[in-house]
Amino acid sequence: MTRRAVLGAGLFIGSSLILKGCQNASDSVSSTQELIVTTYGGSWEEGHRRELASSFTKAHNANVRVISEPVLEAVAKVIAARTSPPYDVILIPEGPMFTTQAEGVLQEFPQEASQNYASILPQYRNQGLAPMVASQVLGIAYNPERIKNPPRSLLELWNSEFRDRVGIPSLESGLGTTFFVELARLEGGSENDTEGAFRKLTQLRPNLAAVAPNPGSLATLLQQGEIDIAPHWFDYVSGIRSKGASVEWVAPTEELASSSSSLQIVRNSGATELAAAYIDTALSLEVQSAMAQPPYNFVPTHQDAPIPEELAQKLGKSPSDRLDEVVFIPDWQAINPNRSAWIERFDREVKI
């Protein structure tokens with residue numbers, strides 16, 4: 001029995017891939033195959049099921065199995081079963097993407113054959129690999145029922161009025177690491193000079209009410225009233241507010257920090273062409289434009305897709321404007337060699 005039979009077999013009938021130049025390689029894929037892909041929870045899962053998988057299925061008459069799985073767990077499974085991996089495509093943020101690539105378990109993306117690669121903004125392209133499919137921006141989430149004057153700077157988390165009211169994410173999360181690097185920059189440092197960030201975080205301890213392991217936990221603390229203010233992603237906060245949460249998000253006066261994620265082909269998946277077509281669908285203007293709308297509100301990487309209207313309003317921009325000049329993209333190549341040491345020090349000096 002194949003690993004796909006174990007995971008739950010599905011059928012698709014003769015899928016014609018959209019990648020240019022692939023007709024000679026394969027006109028169809030075996031009807032016994034099923035594309036198995038990972039995503040994150042929350043709005044990522046909802047959007048990938050409703051917009052991406054749905055669009056791909058209609059175009060290719062293919063069955064896509066979308067599995068919500070924490071990134072590091074998905075990566076661990078792919079590395080452990082590298083000759084017969086459980087997934088064909090994984091959704092992965094910048095940091096783990098580079099370390100996973102070094103493990104040799106990611107397949108190169110056929111950029112020249114892609115219909116949409118050329119339309120992806122240059123800053124979101126990756127050498128050899130598939131480009132980023134969406135970006136998130138860091139701002140300040142707060143409870144408007146308890147904080148009447150919206151904060152404007154991340155450094156306001158240190159204000160005495162917020163004693164025992166602040167939540168921050170752990171450095172084990174992409175949100176936490178992005179916040180940490182942004183803090184280093186605000187203190188005059190960089191990815192290679194984080195002493196200022198550690199010094200500043202130790203000074204935050206009187207205001208700290210919680211350190212959350214991930215964005216979802218941090219949002220739950222806000223919803224339950226255990227914290228009143230925290231750094232958080234725009235799309236995540238916008239999504240939970242649309243479902244009734246008493247939470248608002250503001251763009252800080254500082255340059256926006258961001259984090260992006262990509263869909264990557266898993267080496268030895270057995271469905272490389274279909275996986276490439278799935279990723280190309282995610283890069284399309286249609287899907288990127290849909291994922292920029294509520295309730296997802298992701299910042300698209302396609303040059304012609306609009307940014308979320310709500311975010312544009314908060315930034316005083318038009319949805320057709322690009323965010324290139326106001327968004328800082330951390331250097332994960334510099335971050336990754338130091339991240340484990342940062343986490344250990346953070347847990348020792350900052351975590352409560």
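Let me start with Gln136, which lies in strand β5. A word before going on: this is a predicted model.

Is Gln136 buried or exposed? Its relative accessibility is 8%, so Gln136 counts as buried. Its side chain makes a polar contact of 3.3 Å with the side chain of Asp235. Setting aside neighbours within four places in sequence, Gln136 is in contact with Trp44, Trp233, Asp235, Ala257, Ser258, Ser259 and Phe298.

That takes us to Asp235 and its helix. Asp235 is one of the buried residues of α8, along with Phe234, Val237, Ser238, Gly239 and Ile240. What do the buried residues of α8 pack against? The list is α2, which is 43–60, then β5, α7, β8 at 229–233, β9 at 248–250, and α11 at 309–315. So that you can find the end of the helix on the screen: α8 is followed by Gly244, which has a positive phi, near 105°.

Helix α4 can be described in the same terms. In α4 the buried residues are Glu94, Gly95, Pro96, Met97, Phe98 and Thr100. Their cover includes α3, β3 at 89–93, β4 at 106–107, β5, β10 and α12. Just after α4 comes Gly104, with a positive phi of about 80°.

Now the pocket. The largest pocket holds about 990 Å³ of space. Its lining has 38 residues, and those nearest the centre are Val71, Pro93, Glu172, Ser173 and Gly174. Which elements each supply at least two residues of that lining? They are α3 (71–80), α4 (94–102), α5 (174–186), α7 (215–223), α8 (234–242), β10 (256–266) and α12 (332–349). Helix α3 gives the largest share, six residues. By type, the lining of the largest pocket divides into 17 nonpolar, 14 polar and seven charged residues.

Next, the cavity. The structure holds one cavity of 30 Å³ or more. The largest cavity has a volume of about 100 Å³. Of its 13 lining residues, Val133, Ala134, Ala282, Gln288 and Met291 are closest to the centre. What is the make-up of the lining of the largest cavity? It comes to 11 nonpolar, two polar and no charged residues.

Two more side chains, and then I will stop.

Arg165 is in the loop between β5 and β6, where β6 is 166–169. A polar atom of the Arg165 side chain lies 3.0 Å from the backbone oxygen of Glu161. Leaving aside neighbours within four places in sequence, Arg165 is in contact with Arg146, Ile147, Asn207, Ala209, Ile227, Asp228 and Ile229.

The other is Lys200, in helix α6, residues 195–203. Why does Lys200 count as buried? Because its relative accessible area is 17%, and the cut-off for buried is under 20%. Not counting residues up to four places away in sequence, Lys200 touches Leu155, Trp158, Leu183 and Glu187. Take Leu183 from that list: Lys200 and Leu183 are 17 residues apart in sequence, and their C-alpha atoms are 8.0 Å apart in space.

Technical notes
Residues are numbered from 1 along each chain as its sequence is written. This is a predicted model: local features need pLDDT of at least 70, side-chain atom pairs count only at pLDDT 80 or more; totals for chains, interfaces and linings use all residues. Side-chain values use heavy atoms; hydrogens and water are left out. On a 1 Å grid over the protein atoms alone, a cavity is a set of points where a 1.4 Å probe fits but cannot get out, and a pocket is an open set with protein on both sides within 12 Å along at least five of seven lines; lining residues have an atom within 4 Å of a point. Grid points are joined across faces, edges and corners, and a volume is the space filled by probe spheres set on the points. Helices (H or I, at least four residues) and strands (E, at least two) are DSSP runs, numbered from the N terminus. Ala, Val, Leu, Ile, Met, Phe, Trp, Tyr, Cys and Pro count as nonpolar, Asp, Glu, Lys and Arg as charged, and the others, Gly among them, as polar. Buried means under 20% relative accessible area, exposed over 50%, partly exposed in between (1.4 Å probe, protein chains only). Contact means heavy atoms within 4.5 Å. A polar contact is a pair of N or O atoms within 3.5 Å; within protein, one must be able to donate a hydrogen and the other to accept it, and residues adjacent in sequence count only if both atoms are side-chain atoms.
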